[in-house]
Amino acid sequence: MTSLPLSDALYALQRTTPLVHCMTNYVAMNSTANCLLAIGASPAMLHAPEEVAEFTRLAGALSINIGTPSSDWAEGMQLAAAAAQASGTPWVFDPVAVGATGYRQTLSEKLLAYAPTAIRGNTSEIMTLAGLAHAGRGVDATASIDEARAAAIALAKRQGCIVAMTGERDFITSGQQHWYITGGHALMPRVTTLGCALSATVAAFLAASPASPVAAVAAALASFAVAGARAGEQAAGPGSFQVALLDALYQLTPEDLESFTGLETA
Amino acid sequence: MTSLPLSDALYALQRTTPLVHCMTNYVAMNSTANCLLAIGASPAMLHAPEEVAEFTRLAGALSINIGTPSSDWAEGMQLAAAAAQASGTPWVFDPVAVGATGYRQTLSEKLLAYAPTAIRGNTSEIMTLAGLAHAGRGVDATASIDEARAAAIALAKRQGCIVAMTGERDFITSGQQHWYITGGHALMPRVTTLGCALSATVAAFLAASPASPVAAVAAALASFAVAGARAGEQAAGPGSFQVALLDALYQLTPEDLESFTGLETA
Amino acid sequence: MTSLPLSDALYALQRTTPLVHCMTNYVAMNSTANCLLAIGASPAMLHAPEEVAEFTRLAGALSINIGTPSSDWAEGMQLAAAAAQASGTPWVFDPVAVGATGYRQTLSEKLLAYAPTAIRGNTSEIMTLAGLAHAGRGVDATASIDEARAAAIALAKRQGCIVAMTGERDFITSGQQHWYITGGHALMPRVTTLGCALSATVAAFLAASPASPVAAVAAALASFAVAGARAGEQAAGPGSFQVALLDALYQLTPEDLESFTGLETA
């Protein structure tokens, strides 16, 4: 199956304005909220163990990103993930720099036990999660999509989830079926936390289309691929790129994804 | 009394560069600091129980926003609010998403005991604070200004403070007198934490005009109404809107508020 | 010696993409990461005591900024600084608002014991660190560079480090030799956390040129001076300035620093 109903997924998101509970790193909070608002979702950031589970049950989806973890946040993340699993709320895991420290690996193992609906990371992060390698010194990816492809498929099969591995070219796998997505722009890695914002956007699409999770994940990546390419056309550098990206996400229509040519089976 | 000395309030702010102690959520910190700097105030963000009270006494005003609360922040917020009350420093309370969880309601009750000078929220938040309803799933407002008007007045009377309820149209009440403010732009809800930044801007105006608190609150809202309308004229989406808003706040003059026509008694 | 190899330092940074471990305040995290990415470094923000030391050893440099301190962060900062000292990794200390509270002074004294490679602050902060005065109500500088010059030199001698004191004109001292840097733009103080981002940029240059620390520090300041001046030419206010600054940092070339005329011995 080559085609996925990407435009339906965007239509559903824009029609329902899903509430997305985001537990993300300090660097990404503002930019993530702005990306979600731009594309048409409603972000809410909160993390206290005292309230996360209560809030997760109100949300359409949950997004957890371990970019700047600490003990109290780790506790809140596990409570939120448990609440999402218990209530059948889709949730996305973004294992930022999981290869860099033992602390992140331990925390990631705990979170994986709550069965995320989707995992979004770069090649190094996916390879580390899959147990194949402790690649990557931090947030950078050092392996190519082709090198990491087998790891992504293995991880998807083991977890029974969708894995989205992003980079110059993106790879999505359900464990059984696989897709490539191309698009975006060379300036994207020069703007901080776009990957983090993409993970939360995956959650927003899952909230709006819970019955079509693969299409939801692919629509999120395609949205960034289209908006990123458009932003790149008018940017003089990462500052103007970031501004143009938010405008492009805001202007995105289901027709844009209907005519998107960057999706192919892999 | 229809008219309020809005331009005097802006003149006072720009002449005195008031120091505003902000305890706000992680999403809003950077955008709040930039809004305050743009309009001519001096922001300082700090939250540790070890130092907040010492710092609040140096500041011209305090702004507390519970968007991303946790136990250590809640402790610091109460210490800062107590210091503000004790020293007669004006302070503003922004009860973000107070209706969403019991944790926020408990924390809000504790903070209200320190007698904020002004409360700024959306309709859902003001209705929850007034005890009329637990409306709102998160940071979104679901009631109209007209539906929430009575709640705002009741809250202002009970607390002996000014209540500013913002949305497509804003409502300000001292409990006895009431005003509407119109202006702004439809893109404002598509940029994150503008309401949070507005609350801190209310604090900046209160610091500069402590003897005219109603005019100070109204001038803050009018400033965002004027700057927002101007930013909207040149924006292609929420990214360029945010940039244009900071430029417009920076370019704002007392004459702009002198000729502002969006204020009327209510 | 009037001239310093500024262009070599930028060339080294752009060629090596150094990994910079940043422990900075919540306000500055996003803007700092974006400045580092724009100029060509790779930022990583993390702070948990459980992982900081492990990560610092992977990084090319460490940058510590105490803008929004708390007890858990203070613990992590000391662990990271100790790891940097032990492994000979260059590290930069940014003592934000150290004069404002006793808590910051105590924390700063502890951090100074780990021998930072460079200290970057405004005049008030440097004077407080040097023990000459508790000047400054917060993040603002109230003394001129000329008034604070002796304090900077004394601090550099006592600590055996480089001190960079920035403002309308910048002053750099190794304790023995001194330089002024001029450039930038009047809008820079109207954008939050540019000084914080500059401190992290100093760390990035030190990571790329550890054997030429004075040139590295001066190249960071010169980069902001050149990029700031260029951004100011096209900005209508602090919003568009911020965007243009990131673009200008991205477009900066070693040739720009080769032809920089704003450096002189002092």
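Me: How many residue pairs are in polar contact between chain B and chain A?
Reply: This is a predicted model, and the pairs counted here have both residues at pLDDT 80 or more. Between chain B and chain A, the count of residue pairs in polar contact comes to eleven.

Me: Which helix gives the most to the side of chain B that touches chain A?
Reply: Two helices of chain B, H5 (102–112) and H10 (238–251), each supply at least two residues of that side. The top contributor gives five residues, and it's H10(B).

Me: How do the residues on the side of chain B that touches chain A divide into nonpolar, polar and charged?
Reply: On the chain B side, 30 residues are in contact with 28 residues of chain A. Those on the side of chain B that touches chain A split into twelve nonpolar, 14 polar and four charged.

Me: How much area do chain B and chain A bury between them?
Reply: Interface size is often given as the accessible area lost when the parts come together. Here 56% of that area is on carbon and sulfur atoms. For chain B and chain A, the total is about 2300 Å².

Me: Is Asn34(A) buried or exposed?
Reply: Asn34(A) is in helix H2 (residues 29–39) of chain A. Leaving aside neighbours within four places in sequence, Asn34(A) is in contact with Leu246(A) and, from chain B, Arg190(B), Val191(B), Thr192(B) and Gln242(B). Its relative accessibility is 4%, so Asn34(A) counts as buried.

Me: Which helices of chain A are included in what covers the buried residues of H5(A)?
Reply: In H5 (residues 102–112) of chain A, the buried residues include Tyr103(A), Leu107(A) and Leu111(A). Their cover includes strands S3 (61–65), S4 (91–94) and S5 (118–121) of chain A. The helices included are H4 (71–87), H6 (123–129) and H7 (145–159).

Note on methods. Residues numbered from 1 in each chain as written. Chains lettered and ligands numbered in written order. Predicted model: local features only at pLDDT ≥ 70, side-chain atom pairs only at ≥ 80, totals over all residues. Heavy atoms only, no water. Contact = heavy atoms within 4.5 Å. Buried area = accessible area lost by both parts, 1.4 Å probe. Polar contact = N/O pair within 3.5 Å; in protein donor to acceptor, adjacent residues only side chain to side chain. Helix = DSSP H or I, 4+ residues; strand = E, 2+ residues; numbered from the N terminus. Nonpolar A, V, L, I, M, F, W, Y, C, P; charged D, E, K, R; others polar. Buried < 20%, exposed > 50% of the residue type's maximum accessible area, 1.4 Å probe, protein only.
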